[in-house]
Amino acid sequence: MKLIEKRVVLHFPGFEPLDGVAHRARYERSARQSAAVWGYSVETGPVDEGSDPVSFEVRTAERVAAPVAGTGSPGWQTKSRIHMVDHDILVRKLRAGNTLSQIIAGFRSCAEIMFEGGMRGYFRHAWRFGLFFLFPFLLTALAIVLTAQIAIMPYGLGFSPWHVLWSGPLAFCFFIFAFLPFSERFHTLHLFADWAMAVALGRMDRTDFNGWLEDRATAVHAALAEEADEYVISSHSMGSSVAAHVIGILLEREPEIFKGKRVMFATLGSAILQCALMSSATLLRDRVGLIARCPEISWLDVQCLTDSINFYKVPVVAVSGHADAPQAKMILIRVKQMLTREHYRKIRKDQLRVHRQYVLGPDLRASFDFTLLTSGPMPASVFADPDEKRMPG
């Protein structure tokens, strides 16, 4: 198997309040962890000046003793150009309003997803994802009911209506100073914004979002012009829907754009169906079909049993309405096999943290490693086969 000497990576991160520079810093930390576990050397370069999206170079190499002069090659070396196609600008836009406006926008998104059949699809295909959808809304609805009960408590006790002068402020204090800090443990308002973005990417009815996607498609087109042995388009969580739109736009504009290229489309903990199961998401479903039918693209869908925020064992291409198209190759991983027992015990109850593990560094050698997928010496296709080696012999 020919090793990769040069690779271009386009990574679409998940819905997190991190810009490209912060994602690069995370990548560097994870790469160091991976290198320590697998026994290779890694060097993560600085951000390229003026790059948009943020790009940087990663060099990995075999960790060997310095070769004696004239004895030959020092071992394998791989250079990867990473482009972080983050959507932090959209996250900040959705989180920009005050608390009340964010709550209203969140419940509006909830109603729209229910009305368009999204929730029904979640429980049909992945009931745990359905519970993930409902949780922040049920939690907040319960808090609103309790707040209202505190406010009207004097009426229930038969007190004079004037007592609302103390029950009203008490109810307000409960919601602002008790519930909201408690709810931040579960990232409730952040999840409200996540569902607002799901609606926007499903309906495609916001000119600001659509314009941003067109702009990213232009930037990605330029990145793909660089010569490489392999092109990896990786995406995590909500970033998979962003990636599907951006790559779909490129295929609509230029159907032969990937001709002659080896391309791996790797969706990690993908949330494409979070948006695609809405009845209005016809454009997203069409673009999923374009990607699946592109002969140069191999689609690898990485899923995890202990991650409730993905569609475990659900064939994303078929469920998007393309049962006759080539299907994404599913690989099933276990987070507990990537981490030490103590480390896994610390994070296993935090579902968002478990969900991020796809793109974080490992404690142990396992069947999946994000750094090796995007910067390792072996072709990304080795991850599609559980019997393939992850490193050269």
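Modeller: Let's start with a definition: axes are lines fitted to C-alpha atoms, for helices over the stretch in contact, and angles run from 0 to 180 degrees between N-to-C directions. This is a predicted model, where local features need pLDDT of at least 70 and side-chain atom pairs count only at pLDDT 80 or more, while totals for chains, interfaces and linings use all residues. Residues are numbered from 1 along each chain as its sequence is written, and side-chain values use heavy atoms, with hydrogens and water left out.

Biologist: Thanks! Why are α5 and α8 called oblique to each other?

Modeller: The axes of helix α5 (residues 127–151) and α8 cross at roughly 125° and come within 10 Å. Angles under 35 degrees count as roughly parallel, over 145 as roughly antiparallel, 65 to 115 as roughly perpendicular and the rest as oblique. The pair α5 and α8 is therefore oblique. Helices and strands here are DSSP runs (H or I, at least four residues, for helices; E, at least two, for strands), numbered from the N terminus.

Biologist: What makes up the contact of α5 with α8, by class?

Modeller: Contact means heavy atoms within 4.5 Å. On the α5 side are F129, F132, F133, P136, F137, L139 and T140, which meet T188, L191, F192 and W195 in α8. By class, that contact has nine nonpolar, two polar and no charged residues. Here Ala, Val, Leu, Ile, Met, Phe, Trp, Tyr, Cys and Pro count as nonpolar, Asp, Glu, Lys and Arg as charged, and the others, Gly among them, as polar.

Biologist: And what makes α3 oblique to α8?

Modeller: Helix α3 (residues 99–115) and helix α8 (residues 188–203) have axes that cross at roughly 45° and come within 8 Å. That angle makes α3 oblique to α8. Eight nonpolar, four polar and two charged residues form the contact of α3 with α8. F192 and W195 are among the α8 residues that α3 meets, and both also meet α5.

Biologist: How do you know that the length of α1 agrees with its number of residues?

Modeller: The expected span of a helix is 1.5 Å times one less than its number of residues. Helix α1 (residues 20–38) has 19 residues, so it should span 27 Å, and its end C-alpha atoms are 26 Å apart, which agrees. After α1 comes G39, whose phi is positive, near 80°.

Biologist: Why is H355 called buried?

Modeller: Buried means under 20% relative accessible area, exposed over 50%, partly exposed in between (1.4 Å probe, protein chains only). H355 has 4% relative accessibility, so H355 counts as buried. This residue is found in helix α15. Not counting residues up to four places away in sequence, H355 touches H236, S237, G269, D307 and I309. H355 and G269 are 86 residues apart in sequence, yet 7.0 Å apart in space, C-alpha to C-alpha.

Biologist: What makes A223 count as buried?

Modeller: A223, in helix α9 (residues 207–223), has 9% relative accessibility and therefore counts as buried. Leaving aside its neighbours within four places in sequence, A223 is in contact with V8, L10 and H83.
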